[in-house]
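Here is a note on the model, point by point. Please read it with the coordinates open.

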Amino acid sequence: MDIELSRIGVSLPENLLDKFDVIIKNRGYSSRSEGIRDAIRSYIRYYDWMNDIKGERVATITLAYNHKQRGIEDTLGNIQHKYLDIIRSSIHLHLENDYCMEVIILEGDGEKIKDLSENLVRHKGILHVKLNTINPTEI
Ligand code: NI
């Protein structure tokens, strides 16, 4: 069966494309298009996985940021104060070059946990946001 292909044009910052090219070379993709198709598939898989997070969950969110960036700690604080009912604890690690890592430990409604994670992802200064969840009834 032939799959119809659509052609798209995408504008990217050069450093992002450089990093992507290194990865697709290391992973042995035959072309940039193949790498981009795979990246989109994994983006869709991630989105589907996110949609499955429902009901009671325990979770962690790991993130990083540069604490010298103006307003970033205020923003992080403001976001987390909105989710007091699901945040159980957080761990802060000071890293080199003004970076900080934070691990937020959560328990509660999956939808709300996801909502917090999405809020953090959307913020430009917050980097490497990674959500992990466990369904406590299926351990
Ligand atoms: Ni710090």
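1. Terms for the sheet. Two strands pair if DSSP finds at least two bridges between them. Helices (H or I, at least four residues) and strands (E, at least two) are DSSP runs, numbered from the N terminus. With that in place, valine 58 has isoleucine 134 in strand 4 as its bridge partner.

2. Ground rules. This is a predicted model, in which local features need pLDDT of at least 70, side-chain atom pairs count only at pLDDT 80 or more, and totals for chains, interfaces and linings use all residues. Residues are numbered from 1 along each chain as its sequence is written, and side-chain values use heavy atoms, with hydrogens and water left out.

3. In what order do the 4 strands lie? The order is 2-3-1-4, in an open sheet with antiparallel pairing. Strand 2 (87-94) and strand 4 are the edge strands, each pairing on one side only. Neighbouring strands are turned by 15 degrees against each other on average, direction ignored. Axes here are lines fitted to C-alpha atoms, for helices over the stretch in contact, and angles run from 0 to 180 degrees between N-to-C directions.

4. Strand pairs. Strand 1 and strand 4 run antiparallel and are joined by 6 bridges. Strand 2 and strand 3 also pair in the antiparallel sense, over 7 bridges. Leucine 93 stands opposite methionine 101 in strand 3. The hairpin of strand 2 and strand 3 has 4 residues between them. In its turn, asparagine 97 has a positive phi of about 55 degrees.

5. Helices on the sheet. Helix 3 lies across strand 1, strand 2 and strand 3, and runs at about 170 degrees to strand 1. Helix 4 lies across strand 1, strand 2, strand 3 and strand 4, and runs at about 160 degrees to strand 3.

6. The core. A nonpolar core is a set of buried Ala, Val, Leu, Ile, Met, Phe, Trp, Tyr and Cys residues joined through side-chain atoms within 4.5 Å. The largest one has 21 residues, and Ile61, Leu63, Leu106, Leu116, Leu120 and Ile126 touch the most other members. Strand 1 (56-66), helix 3 (72-81), strand 3 (99-109), helix 4 (110-122) and strand 4 (127-134) each give two or more residues. Strand 1 gives the most, with 4 residues. Contact means heavy atoms within 4.5 Å. Isoleucine 126 is in contact with Leu63, Ala64, Ile72, Leu76, Ile79 and Leu120, leaving aside neighbours within four places in sequence.

7. Glycine 125 lies in the loop between helix 4 and strand 4. Is glycine 125 buried or exposed? It counts as buried, because its relative accessibility is 4%. Buried means under 20% relative accessible area, exposed over 50%, and partly exposed in between (1.4 Å probe, protein chains only). Not counting residues up to four places away in sequence, glycine 125 touches Ala64, Tyr65, Gln69 and Ile72. Its C-alpha atom is separated by 7.5 Å from that of glutamine 69, 56 residues apart along the chain.

8. The nickel site. Donors are N, O and S atoms within 2.8 Å of the metal (3.2 Å for Na, K and Ca); water is not among the atoms, so sites may look incomplete. The protein donors of the nickel ion are His92 (NE2), His94 (ND1) and Cys100 (SG), 2.0 to 2.3 Å from it. Their spacing in sequence is H-x1-H-x5-C. Histidine 94 counts as exposed at 67% relative accessibility, whereas cysteine 100 is buried at 2%.
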